[in-house]
Amino acid sequence: MPLEALIFDVDGTLAETEEAHRRSFNEAFAAFGIDWSWDKELYRELLQVTGGKERLQHYIDAWKPPGSEVVLARFAEIYEAKSARYAALVKSGAAPARPGIRRLITEAHERGVRLAIATTSLRGSVDLVLRAMFGEEGPSWFAVIAAGDVVAHKKPAPDVYRFALDTLGRDPGSCVAIEDSENGVKAARAADLPVLAAPSYYLKRDDFSLATSVLTDLGEPDRPGRQISGLRFDRNYVDIDGLNAWLSKQQQSCAEAPTDPAQIINRSVEIG
């Protein structure tokens, strides 16, 4: 079964956006006279909650910091200000593309491999990143952009990936999810997708054991990435031919995996 579609997360996967998100939250707090400043360690912890609005609400509920009443009363205004600041930062180049992403997406587009997005980010933020990377036509390259509140349950629930697959009309075995976080990997795997994980700056401490492969990044021919774990790629950078070979290995591995309980027990004894 050849590769038919690539399904990408956005924040941390297409580009290193999370520092721009952190800065924009802090700038919005300051603009409204809220004495909050999320440092990098706190933000790393907050990123375990998917969705920007959900992250802010979680901070209020869990930390109960002074000023929470003001933020709750003006929540929509503060988040709108945060979004405007984030847009300005992305347009200024403050969210650089991850290595290999532009090359792989351009190659997929040119070779007829369908492209999709599965993210908790709002649609406006997705379009912003895609236009920054590929110009005004960027969003049109993607057959499906499953973003924001298109499903009720966010990652690690598999809903957004299942929505993308249903809209694409593709079997998960012919698609690959590309993620940067533990929650994203869990969501994609629960939708039966093979997953290529490239941990982003803020999420390197996540557990990626469920991913099919883990790489530092997708690499470039003149600047290879490094494989951390999982199914091996034949090259030190990810391209469409390499993904087809990788997907074939993954499908063969699944086909050869024992399903009889006795076989599984015997195999585990042999390995360990």
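Visitor: What makes the contact between Arg 170 and Glu 4 a salt bridge?

Guide: In this predicted model, the side chains of Arg 170 and Glu 4 approach to 3.3 Å, N to O. The criterion is a side-chain nitrogen of Lys or Arg within 4 Å of a carboxyl oxygen of Asp or Glu, so the pair qualifies. Arg 170 lies in the loop between helix 8 and strand 4, and Glu 4 in the segment before strand 1, 166 residues apart.

Visitor: Why is Arg 170 called partly exposed?

Guide: Its relative accessible area is 29%. Buried means under 20% and exposed over 50%, so a value in between is partly exposed. Glu 4, at 31%, is therefore partly exposed as well.

Visitor: What makes Glu 179 and Lys 155 a salt bridge?

Guide: The closest N and O atoms of Glu 179 and Lys 155 are 2.7 Å apart; the cut-off is 4 Å, so the pair meets the definition. Glu 179 lies in strand 4 and Lys 155 in the loop between strand 3 and helix 8, so the bridge ties together parts that are 24 residues apart in sequence. Both residues are buried, and Asp 9 is linked with them in a network of salt bridges.

Visitor: Which residues touch the most other members of the largest nonpolar core?

Guide: They are Leu 6, Phe 8, Leu 14 and Leu 243, in a core of 40 residues. Helix 7 supplies the largest share of this core, 6 residues.

Visitor: What does Phe 8 touch?

Guide: Beyond four places away in sequence, the contacts of Phe 8 include Leu 14, Ile 101, Leu 104, Phe 142 and Ile 178.

Notes
Residues are numbered from 1 along each chain as its sequence is written. This is a predicted model: local features need pLDDT of at least 70, side-chain atom pairs count only at pLDDT 80 or more; totals for chains, interfaces and linings use all residues. Side-chain values use heavy atoms; hydrogens and water are left out. A nonpolar core is a set of buried Ala, Val, Leu, Ile, Met, Phe, Trp, Tyr and Cys residues joined through side-chain atoms within 4.5 Å. Buried means under 20% relative accessible area, exposed over 50%, partly exposed in between (1.4 Å probe, protein chains only). Helices (H or I, at least four residues) and strands (E, at least two) are DSSP runs, numbered from the N terminus. Contact means heavy atoms within 4.5 Å.
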